[in-house]
Amino acid sequence: GVAIHEDTHQIFIANKLNDRVEVFSEMGEFLYQQGGGQLFRPYSIAIHGDSVHVSSWGDRTISKLSINEMCCVRRIRGSGSNYGQFRTPRQLTTDSIGRVFIADTDNHRICIHDPDLNHLRNITHKSITKPYDVKVSRDRMYVLCPSNNNAYIPVLTLEGEKLHSLVTCGEAMDVSYPIFFCLDYLNNFVISDGSAHSIRVFSPEGKLLHTIGKEGHQRG
């Protein structure tokens, strides 16, 4: 996982194999590292203010790191389906007030925690099946749910009420193996397609706008 600090433009990278978070300047200069000995297979990373939140596959843990103190200040862990437990925590993100949204894949839910990682609630819905990724806007939540090398993105309120499935991936949208996605400033969907070795960009209504890249080793 990769995240960029809005103010300093520093780049934070979850180095899964080395069990740490590495920080670089916007020009690529190594600055420091965090979490050594405290993280086990870190996977996804999100920044809000002076806090860095990290999900770890290895021990099913969510950690809060302090940018200023360069250490772990809070951790929640535990394998299971109770409040504050995870089966497979994958991607996480934060909203404008610092709440942490976690795609808990094998529990088929989105877990919501406050900025200090206190559990607030779980979002479950029949449309949320093995969620890999989650993104939030001002009042909506978008969940990437791959299944059988296809996927769809249900759109819900932050309280968990389903509004619609904004983008249906697979045959209709020509995305065969979606892995991650993000929203741009226009709320267009930018989806990585692992099978097609490309990035697909869709409008909020689901119209394919353009495709970036193709299989190979050359530029583009």
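View 1. In strand S3 (residues 20-24), Arg 20 is the bridge partner of Asn 15. Strands here are DSSP runs of E with at least two residues, while helices are runs of H or I with at least four, all numbered from the N terminus. This is a predicted model, in which local features need pLDDT of at least 70, side-chain atom pairs count only at pLDDT 80 or more, and totals for chains, interfaces and linings use all residues. Residues are numbered from 1 along each chain as its sequence is written, and side-chain values use heavy atoms, with hydrogens and water left out. Strand S2 (residues 11-15) runs antiparallel to S3, and five bridges join them; two strands pair if DSSP finds at least two bridges between them. Four residues separate S2 and S3 in their hairpin, and Asp 19 in the turn has a positive phi of about 55°.

View 2. Phe 24 stands opposite Phe 30 in S4. A search of the whole structure finds four aromatic pairs. In one of them, the ring centres of Phe 24 and Phe 30 are 5.6 Å apart and the planes lie at 75°, so the pair is edge-to-face. Rings of Phe, Tyr and Trp (its six-membered ring) pair if their centres lie within 6.5 Å; planes under 30 degrees apart are stacked, over 60 edge-to-face and the rest tilted. Phe 24 is buried at 19% relative accessible area, and Phe 30 is partly exposed at 42%. Buried means under 20%, exposed over 50% and partly exposed in between (1.4 Å probe, protein chains only).

**View 3. Tyr 142 and Phe 189 bring two strands together.** Their ring centres are 5.5 Å apart with planes at 75°, so this pair is edge-to-face. Tyr 142 belongs to strand S14 (residues 140-147) and Phe 189 to strand S18 (residues 189-193), so the pair ties together parts 47 residues apart in sequence. Tyr 142 is buried at 5% relative accessibility, and Phe 189 is buried at 0%. Ring pairs link Tyr 142, Phe 181 and Phe 189 into a cluster.

**View 4. Two charged side chains sit over rings.** Arg 90 lies over the face of Tyr 132, 4.1 Å from the ring centre. Lys 135 lies over the face of Phe 181, at 5.2 Å from the ring centre. A charge sits over a ring if NZ of Lys or CZ of Arg is within 6 Å of the ring centre and within 35 degrees of the ring normal.

**View 5. Four strands make an open sheet.** The order is S9-S10-S11-S12, with antiparallel pairing. Strand S9 (89-94) and strand S12 (119-123) stand at the edges with a single partner strand each, so one side of each is left without a neighbour in the sheet. Four bridges join S9 to strand S10 (residues 100-104), and Thr 94 has Val 100 in S10 as its bridge partner. In strand S11 (residues 109-113) you can find His 113, which is buried at 1% relative accessibility.
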